[in-house]
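Please look at the structure shown below.

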There are 2 protein chains.
Amino acid sequence: MPLDLILNNLEKHIHLTREEQEIFTAYLQPKKVKRKQFLLTYGEVCKYSAFVTSGCLRGYTVDKSGIEHVLSFAPADWWIADMYSLISQKPGIQNIEALEDTDVLLLSKANQEKLYTQIPKFEHFFRILTENSLVASQQRLIDSLSLTAEERYNNFCKRYPTLIDHLPQKQIASYIGVTPEFFSRMKSVIVRKK
Amino acid sequence: MPLDLILNNLEKHIHLTREEQEIFTAYLQPKKVKRKQFLLTYGEVCKYSAFVTSGCLRGYTVDKSGIEHVLSFAPADWWIADMYSLISQKPGIQNIEALEDTDVLLLSKANQEKLYTQIPKFEHFFRILTENSLVASQQRLIDSLSLTAEERYNNFCKRYPTLIDHLPQKQIASYIGVTPEFFSRMKSVIVRKK
DNA sequence: GGTGGCACTTGATGTAGGTTAAGAAATGGT
DNA sequence: ACCATTTCTTAACCTACATCAAGTGCCACC
């Protein structure tokens with residue numbers, strides 16, 4: 001049951017009564033996104049936080065020379081949204097695309113805000129979730145400023161071991177911030193070292 | 001009165017009663033940090049969120065080859081902390097140093113957590129503050145992945161016009177992610193263009 | 001009112017990673 | 001099971017930025 005997954009996800013930080021669980025789940029909206037389809041596209045206003053119950057999404061931006069930069073992967077049990085757009089309700093900068101057939105549970109911004117007032121524990125939950133994202137984002141910035149591509153790749157392997165052999169390597173290249181060509185070269189150098 | 005500054009800062013997102021203001025301000029601890037002195041150093045556990053009432057701080061990390069990377073500037077009316085360490089209560093990765101004589105108000109992690117339960121509005125406030133930091137951090141990551149040094153410099157000028165002529169330029173170089181030498185050259189090229 | 005240190009500049013040279021191109025391998029839709 | 005498309009590899013050349021080095025201007029403080 002996909003609802004178990006999201007309820008367990010919440011339990012990592014807050015405890016809900018049976019009733020509160022029911023209020024919460026009533027706010028959720030299941031959705032399927034087929035491989036290569038989009039949950040959100042550039043320029044659109046982001047109206048939902050999405051929780052992935054199966055499959056995998058990627059959030060990315062496209063720069064002015066057309067190069068894609070992967071900002072996050074969201075496999076099962078992860079939350080994803082274009083935070084800039086969700087907060088400001090202005091046109092967003094991210095595309096969120098399914099890397100494989102994916103099931104999500106959508107929580108609309110309006111419902112999320114209702115939860116904050118109805119059940120303050122949710123404000124607590126999302127504060128913690130946001131804090132953790134902030135730390136991860138800062139760490140990634142530090143890494144991109146101070147590590148080589150190879151070191152960033154090693155970090156990626158350590159942090160997301162399940163994703164590694166699961167993802168087309170151009171997506172990993174984009175996440176660590178190099179071209180697919182350079183990534184390929186780098187990998188063959190790493191292999192030769194061993 | 002420095003308390004007015006912080007109370008106004010809160011008013012941007014939440015409204016407090018007179019009593020709540022008093023509870024809050026009783027939790028604060030004023031501190032002076034002289035130029036070149038540290039509010040926090042690498043390896044130390046971060047126990048406070050700091051709000052700057054006058055002067056300016058910088059938060060930075062030092063990589064393994066000894067290069068400093070400025071993560072944030074905190075002029076008056078800004079909050080600063082090593083979020084990684086504050087959240088995890090593990091030894092931190094940032095140095096927070098005064099660029100000039102600076103006055104801060106410290107809010108301990110323990111007091112901050114008391115506020116969350118005593119006055120839930122504070123959970124709301126810090127959730128929003130964290131969300132905004134997250135968006136800023138993500139944007140900076142996107143910029144570092146997709147813009148040239150010159151474009152990042154232009155963004156910096158637009159976003160922090162007051163800091164520009166106020167800060168030693170090697171600090172700006174470090175923030176935008178280039179060496180002081182390259183920054184100097186870049187600036188002279190920009191001037192020549194006009 | 002020197003002088004020691006720091007911030008800034010300028011030049012020569014080095015390098016991590018990008019670009020372009022072309023072929024080989026893998027994959028997925030029908 | 002096949003073809004079309006996408007993904008991966010390899011190679012030659014290019015560029016943004018780093019490194020090293022030497023020199024200039026500027027306070028600050030004894």
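**Between the two chains**

In this predicted model, A:K64 and B:E151 form a salt bridge (a side-chain nitrogen of Lys or Arg within 4 Å of a carboxyl oxygen of Asp or Glu), with their closest N and O atoms 2.6 Å apart. The rule finds four salt bridges across the interface of chain A and chain B.

On the side of chain A that touches chain B, β5 (68-75), α3 (83-88) and α5 (121-146) each supply at least two residues. Helices (H or I, at least four residues) and strands (E, at least two) are DSSP runs, numbered from the N terminus. The largest share, 19 residues, comes from α5(A).

Contact, meaning heavy atoms within 4.5 Å, links 32 residues of chain A with 32 residues of chain B.

A residue is near a strand if one of its heavy atoms lies within 4 Å of it. Of the 16 residues around DNA strand C, those that come nearest are A:E181, B:Q169, B:K170, B:S184 and B:R185.

A polar side-chain atom of B:Q169 lies 2.5 Å from a phosphate oxygen of DNA strand C. The side chain of A:R185 has an N or O atom 3.2 Å from a base oxygen of DNA strand C.

Residues are numbered from 1 along each chain as its sequence is written, and chains are lettered from A in the order in which they are written. Local features need pLDDT of at least 70, side-chain atom pairs count only at pLDDT 80 or more, and totals for chains, interfaces and linings use all residues, while side-chain values use heavy atoms, leaving out hydrogens and water.

Note on methods. Polar contact = N/O pair within 3.5 Å; in protein donor to acceptor, adjacent residues only side chain to side chain.
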